[in-house]
Amino acid sequence: MKLSVLLGESRASLAEAGIDDAALDARVIVEHFSGTSRTDAIGRPDMAIDPRAVAATRDAIARRAAGEPVHRILGFREFYGLKLFLSAETLEPRPDTETLVDAVLPWLRRRVAAGGACRLLDLGTGTGAIALALLAEVPQATAVGADLSADALATAGRNALENGLSERFSAIRSNWFEAVSGRFDAIVSNPPYIESREIATLQREVREFDPARALDGGPDGLDAYRTIAAQAAAHLEPDGLVAVEIGHAQKRDVTHLFERSGFRLVEARSDLAGRDRVLVFGRN
């Protein structure tokens with residue numbers, strides 16, 4: 001089959017299934033499974049695609065038409081310049097979470113400049129996205145990634161290895177702080193923060209393919225923040241910080257939870273859409 005025909009067929013299938021950005025998704029899938037590029041599509045539209053690649057592409061297009069996100073089909077996603085593999089029990093890292101990395105990085109660099117090293121804790125680490133992005137940018141840092149899911153911990157460990165960060169990253173199975181020991185210069189987390197009743201209203205790509213445990217924040221979406229706020233001080237250096245991702249309408253409630261536990265709001269950051277996304281707290 002010609003590349004142009006495969007691209008056209010794939011676009012048509014996704015458009016018929018009502019997929020947003022059908023042309024883009026089709027191109028990404030075709031390029032991945034056929035080993036071609038945008039340059040090939042423009043300059044060599046008549047190039048022949050191996051039948052096995054055609055079959056793999058059609059299978060992937062069928063999965064996308066059924067609602068499975070592109071990056072879950074590919075098995076990986078780029079985050080802060082890192083290639084991160086995904087698994088069934090890991091949340092797909094998204095650009096909004098890069099806001100958290102941006103918020104913490106300057107502080108970590110100052111910490112390293114003053115003391116020569118720093119130690120991080122990433123709660124609910126999933127793919128390891130936040131911790132690994134910070135390690136990649138701050139070579140003097142080390143990190144512990146905590147997660148309740150053995151599948152997620154294996155995936156985070158693989159991502160650390162694939163990105164050359166495994167010597168500075170360790171993964172532990174823990175229900176939040178339950179199995180965590182020692183103190184850290186920074187505690188970071190993108191916890192579940194969606195209200196339980198809202199899960200059924202999410203996009204199909206999120207509702208059916210992201211792990212529910214990584215989405216459901218309890219009746220008011222604040223369960224994880226209550227735990228983090230109440231227990232963080234016991235695992236934080238006196239002048240350390242806690243940085244969390246939040247839902248766009250949770251700034252006031254999450255801030256109050258941390259203030260009642262002896263923290264002060266140091267910084268609040270918005271995502272690319274201008275919505276509240278990250279809160280950074282220091283101890284009083």
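A nonpolar core here is a set of buried Ala, Val, Leu, Ile, Met, Phe, Trp, Tyr and Cys residues joined through side-chain atoms within 4.5 Å; buried means under 20% relative accessible area with a 1.4 Å probe, protein chains only.

I note that the model is predicted, so local features need pLDDT of at least 70, side-chain atom pairs count only at pLDDT 80 or more, and totals for chains, interfaces and linings use all residues. Residues are numbered from 1 along each chain as its sequence is written, and side-chain values use heavy atoms, without hydrogens and water.

**Cores.** I looked up the largest nonpolar core and found 33 residues. Leu108, Leu132, Leu134, Leu135 and Phe169 have the most contacts inside it. Helix 6 (residues 98–115) supplies the largest share, eight residues; helices are DSSP runs of H or I, at least four residues, numbered from the N terminus. Another core lies apart, with 29 residues, including Phe177 and Val206.

I then checked Leu134. Leaving out residues up to four places away in sequence, Leu134 touches Val101, Val104, Leu105, Leu108, Leu120 and Val188 (contact: heavy atoms within 4.5 Å).

**Largest pocket.** I used a 1 Å grid over the protein atoms alone; a pocket is an open set of points where a 1.4 Å probe fits, with protein on both sides within 12 Å along at least five of seven lines, and lining residues have an atom within 4 Å of a point. The volume, the space filled by probe spheres set on the points, is about 1300 Å³. Of 45 lining residues, Arg94, Asp96, Leu202, Gln203 and Val206 are closest to the centre. Helix 9 gives the most to this lining, three residues.

Definitions and conventions:
Helices (H or I, at least four residues) and strands (E, at least two) are DSSP runs, numbered from the N terminus. Buried means under 20% relative accessible area, exposed over 50%, partly exposed in between (1.4 Å probe, protein chains only).
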